[in-house]
Amino acid sequence: MFCFLTLMPGRPLLLFSLFSLLLVAASSVAAPGELDPAVHAFFEQHCLNCHGAEKQKGDFRIDTLSTKVGFENTPQWLEIMERINSGEMPPKKVKVQPSAEESAKVVEWLALRMKEGEAAGMAARGRVSYNRLTRDEYVNTIRDLIGVHYDAKDPGAFLEDPEWHGFERIGSVLTLSPSNIEKYLGAAETILAEAYPELPDKNKKTVPFGGTKRAVMENEVSERHRERLRELGLLDKVRFEMWPGDMFRGSNLRELPEAGIYEISYTLSGLKPENGRAPRLKVYESRLDRVLYEQDIIAPENQPVTVSFRAHLPKGGPNIEVYNDVPGPSNIPRAGRHGDTPFISVKDGRIPWQMKLTDEQGRARYPFLILDSVSWRGPILSDEEKSRRAEYFPREEDNQVREGLGALARRAFRRPVSADELDGFVAIVKAELSSKEKFPDAVRAGMLAILCSKSFLFIAEGNENENRSRLNDWEIASRLSYLLWSTMPDDELFSLAQQGKLRDRAELSRQVARMLADERAVRFTDSFATQWLRLRKVGMFPPDKKLYPEYDKTLEANMIGETKSFFREVLRGGLTLREFLNSDWSMMNASLARFYGLPEAGLPRDGFQRVALPAESKRGGLLTQAAILSLTSDGTRHRPVHRGVWLSETIFGRTPPSPPANVEPIATNPVDAPKATLRIKLEAHIHDPSCAACHAKIDPLGLAFENYDAIGRWRTEEVTDGTGANPRVDPSGKLPDGRAYATAEEFKQLLLADLDAFNHTFIEKLATYGLRRGISFSDRDELKAIAAASKAKDYRLRDIVEAFVLSDLFQKR
């Protein structure tokens, strides 16, 4: 199972059998064995004269290739598809040429077979399937297992998980490399060092860490002002004023005694200009490159508020920077610097050469913060976390090593542990003790082996000793828990698995209801929405500040937050798939409402609230949300083709063929040419018939949203370079089936009229996420059954999730 290689005293390096998982046995999947008649006729007429039995130009022969396209001879079929797609084949010199429509149909058929073959490869499974925990799942599991909040995104920790068509949970993609193993070992050592920081001493009393300090300490006030302020009773009332972009570095109380969760509180005021933005508190740990907290602050200077948050921080001195994270005048010139005159109140004013914060009437000219004090408390550990840690770590005098390691292994592996497995971990402890290691260090070595075991790092399904197509109760518990909570099963699921009750449909239904009502279900709504909708692409190409000055990281976060909150509301509110396509409501806060041009009165500064959308808002559903509209942009302009591809894949479930190589991008409009919309230039750009055939299916999907620019703002004309007036945008179009629309609203109505198609796509996406694999041809009957159950429940999202969990597909390996 594992062995040791001692590199230095007291630190064994585990060598795992994880390398054996790099190659997973693939089972054969039934595949279509016949060419489509139209495709066969195409090859007969246009290809076999040069690449058949009598002649093989370029030593390339088609008639001997397997007809299991996508499953066999894939490199050759891929080359054929690319040659036809690019127009290279048949050669232009051949007299009888296929029509653009004929070539496009062949390319589309080949691309679809390639996708099926790829998905079948992803779904292929041997006797045991191993699915590595994602980065987020690892973090959540460690937190629930041992009560340590490991920060896997910090510098030097885990890399981002690779994705497949947006999904990050696909087992065959989440492979294991030697660098992964080293990072897992380092992570486990860090986790155990935090959970058990020192030798147990039952007589030692924990000294709490905490306290409060002024933002400006007495010794930081210049000597020439100190005595005067002391006589006036104002020395303890000096404050730190922060104009836009300003930074405060004085948060540290002293070094943190241990790694853990700390509560940090800031007492401060925030002055907002009339009709302007609120100041925004942003707390950033620069060494960890992590934003700890951010929030808009509005509070009169004589009525400061206290905001508190919790953050996981390492032992030692944190490097915390506090910003007023809003745009404003530059603080580089002398006027933007702090002087040595202490700041008490805006009534007392500032040094004449400093930037004025208020006008003659005392109203804020800019959004600025006034910081009074900062408080610390921690490390904070819940009673449950203390209990878990104590359960695993035996007391030396009681010699409970086997019992403690057994409790940890059973929960970590999410199943019963055999006596042989447990013997191996106990043997590690004994070997360490024989090497004169201290008892706590020896126990930690046994724990380290458990946290680095493949049984912890991978969700295993199946049995090496038998061919089993269905999950057992322990495997169902893990699949369900990682679907809805992105973490290990809780005690109730473990108990039901032990009793063999998780294959009972009534019990599964109760568990789905219980788990969706739990606060941890937000992990499902956020994770699935992010992966299905490709939300990680938002901000991938930061918008040009000159073109979009209002766009910043706060707005970007609010855009993403709207979409995640919207998905959450559809699930929790018992709403249907129709809401995703069109709705008369959305989730809003003040910042986003201002961006959309909607009323912001009464809306929260942070967080989101459901609001009814005015008929003239031009919003509703997912497709007109700023996050969706901006994720396909390039930072300077919208890209209707990319919007069309996103819609084709995400809403219609069809992946278009890749474009031919070396396609020239659409050039920007020359400054001395008449102004033209991107749509006009796109239509002129697609002059090749082979290109036009594919674009006829993609472009109408994206052109429906021409009224929205690169960051999702509504517009009626396109601002572009060139001469003359800005041209009006044209959002009209016609779908491949002939149905026409004039606006985005009409386009959404066409989607609603074909709700069954979207229902099928959504279920396929949910199944891909939940099963951690691609969907194969053999899954089609189960998918149809889930779709029928969805339709019977009026397409309610909550019922779709339940139907999926209760399906035969969910309980299959």
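A cavity is a set of grid points where a 1.4 Å probe fits but cannot get out. Keep that in mind as you tour this predicted model. How many cavities of 30 Å³ or more are there? The count comes to six.

**Stop 1: the largest pocket**

Start with the open space. Select Asp136, Lys153, Val291, Arg536 and Lys564. Of the 48 residues lining the largest pocket, these are the closest to its centre. The pocket holds about 2300 Å³ of space.

Now colour the elements around the pocket. Select the helices α5 (135-146), α16 (522-533) and α17 (553-572).

Next, colour the lining by class. You get 24 charged residues, 15 nonpolar and nine polar.

**Stop 2: the largest cavity**

Select Lys537, Gly539, Met540, Phe541, Pro543 and Tyr551, which are among the residues lining the largest cavity. About 80 Å³ of space lies inside. Which classes make up this lining? Seven residues are nonpolar, four are polar and one is charged.

**Stop 3: the second largest cavity**

Select Leu623, Ile628, Leu629, Thr632, Arg643, Trp646, Leu647 and Phe705. They line the second largest cavity. Two elements give two or more residues to this lining: α20 (626-630) and α21 (640-650). The largest share, three residues, comes from α21.

This cavity holds about 70 Å³ of space. Colour its lining by class to finish: six residues are nonpolar, one is polar and one is charged.

Technical notes:
Residues numbered from 1 in each chain as written. Predicted model: local features only at pLDDT ≥ 70, side-chain atom pairs only at ≥ 80, totals over all residues. Heavy atoms only, no water. 1 Å grid on protein atoms, 1.4 Å probe; cavity = no way out; pocket = protein on both sides within 12 Å on 5 of 7 lines; lining within 4 Å. Points joined across faces, edges and corners; volume = space filled by probe spheres on them. Helix = DSSP H or I, 4+ residues; strand = E, 2+ residues; numbered from the N terminus. Nonpolar A, V, L, I, M, F, W, Y, C, P; charged D, E, K, R; others polar.
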